[in-house]
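Colleague: I'd like to learn how to read a model like this one, feature by feature. Could you walk me through it?

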Amino acid sequence: EITKRIPVAATVTGLDVGEREAALQLTHDLDPTDVPLFDRGYPGRRFIGTLLARGFDLGVRMVVGDGGFPETQAFWKSGVDSAIIPVDFGEHGVHRMRFVRRRFAQRRSGRSRNRDKMVIMTTLTRRQGYRIADILDLYRMRWEVETFYRELKAEWGIEAFHARTPTGILQETYAVLTWMTLLAMLENVADQELTEQRGLQRWND
């Protein structure tokens with residue numbers, strides 16, 4: 001849960017299980033009102049179509065350029081900041097998806113511009129009350145997932161297992177996740193009490 005940094009589901013798989021398959025397993029633990037957010041490694045028509053068939057709203061950063069959806073390329077070339085475009089998800093049918101562009105400040109010539117191309121495909125529409133800024137802010141918050149992974153690896157040493165059996169590795173993994181969940185819950189309670197006592201705090205208060 002990116003607003004509170006609390007894990008809501010986890011799975012441990014073998015190397016033969018891809019990220020998309022693992023992510024689909026996790027969606028069985030989500031609430032229907034949750035909005036999964038995915039980075040560029042996840043876009044695939046069957047993957048996204050399966051999530052849509054399960055009734056999820058979602059947001060996905062799309063690949064702009066080689067290997068991306070033709071719909072994404074057409075949207076990028078159009079120059080508009082937001083558009084509703086029909087996307088064919090094969091067996092899951094055609095869905096009208098919203099494409100949103102993030103505009104970056106112009107870079108100096110000679111520097112790579114690949115990082116400056118960001119397109120989010122989502123089911124969240126303006127009619128539902130979601131402005132372009134809301135979509136971009138929501139995706140920006142997804143970065144908490146990356147910082148969470150970094151903490152798991154760098155601070156908690158999640159990949160340096162003491163156990164030598166699958167059962168032991170699972171125990172270590174879920175013990176760390178449980179501890180991080182408890183810490184996040186305590187932090188949120190403390191933040192709420194501080195806000196009630198002193199008002200909303202800035203980072204340098």
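Modeller: Let's start with aromatic rings. This is a predicted model, and in it ring pairs join F38, Y42 and F47 into a cluster.

Colleague: How many aromatic pairs are there?

Modeller: The count comes to 4 aromatic pairs. Take F38 and Y42: the ring centres are 5.1 Å apart and the planes meet at 50°, so the pair is tilted.

Colleague: Are F38 and Y42 buried or exposed?

Modeller: Both F38 and Y42 are buried. The other pair to look at is Y42 with F47, which is also tilted, with 5.8 Å from centre to centre and 35° between the planes. F47 is buried, as is Y42.

Colleague: Rings can also sit under charges. Which ring does the charged end of R45 sit over?

Modeller: That would be the ring of F69, with the charged end of R45 placed 4.2 Å from its centre. R101 does something of the kind with F75: R101 lies over the face of F75, at 5.5 Å from the ring centre.

Colleague: Next, empty space. What's the general idea there?

Modeller: Rolling a probe the size of a water molecule over the atoms shows where empty space is left. Here the largest pocket holds about 1,900 Å³ of space. Its lining takes in 47 residues, and A9, L26, Y42, V145 and Y149 are the closest to the centre. So we meet Y42 again, the residue that pairs with F38 and is part of the ring cluster.

Colleague: Which elements give two or more residues to that lining?

Modeller: For the largest pocket, they are α1 (19-26), β1 (37-38), α5 (143-155) and α6 (166-198). The largest share comes from α5, with 7 residues.

Colleague: And how does the lining of the largest pocket divide by class?

Modeller: You get 29 nonpolar, 8 polar and 10 charged residues.

Colleague: What volume does the second largest pocket have?

Modeller: About 330 Å³. The second largest pocket has 14 lining residues, and those nearest its centre are R61, R102, M118, Y139 and W143. With 4 residues, α4 gives the most.

Colleague: Which residues line the largest cavity?

Modeller: The lining consists of L37, L58, G59, I120, T122, L124, I135, L138 and Y139. The elements β5 (118-122) and α4 each give two or more of them, and the largest share, 3 residues, is from α4. By class there are 7 nonpolar residues, 2 polar ones and no charged ones. Y139 turns up in this lining and is also among the residues nearest the centre of the second largest pocket.

Colleague: Why is T72 called buried?

Modeller: The cut-off for buried is under 20% relative accessible area. T72 has a relative accessible area of 0%, so T72 counts as buried. Leaving out residues up to four places away in sequence, T72 touches M62, V63, V64, F99 and V119.

Colleague: Let's zoom out to the whole chain. How many helices and strands are there?

Modeller: The chain has 6 helices and 5 strands. Starting at the N terminus, the order is α-β-α-β-α-β-β-β-α-α-α. The C-alpha atoms fill a box of roughly 50 × 50 × 40 Å along the principal axes.

Colleague: And what share of the chain is buried?

Modeller: Of the 205 residues, 30% are buried. As for contacts with a separation of 6 or more, 49% are between residues 24 or more positions apart.

Key:
Residues are numbered from 1 along each chain as its sequence is written. This is a predicted model: local features need pLDDT of at least 70, side-chain atom pairs count only at pLDDT 80 or more; totals for chains, interfaces and linings use all residues. Side-chain values use heavy atoms; hydrogens and water are left out. Buried means under 20% relative accessible area, exposed over 50%, partly exposed in between (1.4 Å probe, protein chains only). Contact means heavy atoms within 4.5 Å. On a 1 Å grid over the protein atoms alone, a cavity is a set of points where a 1.4 Å probe fits but cannot get out, and a pocket is an open set with protein on both sides within 12 Å along at least five of seven lines; lining residues have an atom within 4 Å of a point. Grid points are joined across faces, edges and corners, and a volume is the space filled by probe spheres set on the points. Ala, Val, Leu, Ile, Met, Phe, Trp, Tyr, Cys and Pro count as nonpolar, Asp, Glu, Lys and Arg as charged, and the others, Gly among them, as polar. Rings of Phe, Tyr and Trp (its six-membered ring) pair if their centres lie within 6.5 Å; planes under 30 degrees apart count as stacked, over 60 as edge-to-face and the rest as tilted. A charge sits over a ring if NZ of Lys or CZ of Arg is within 6 Å of the ring centre and within 35 degrees of the ring normal.
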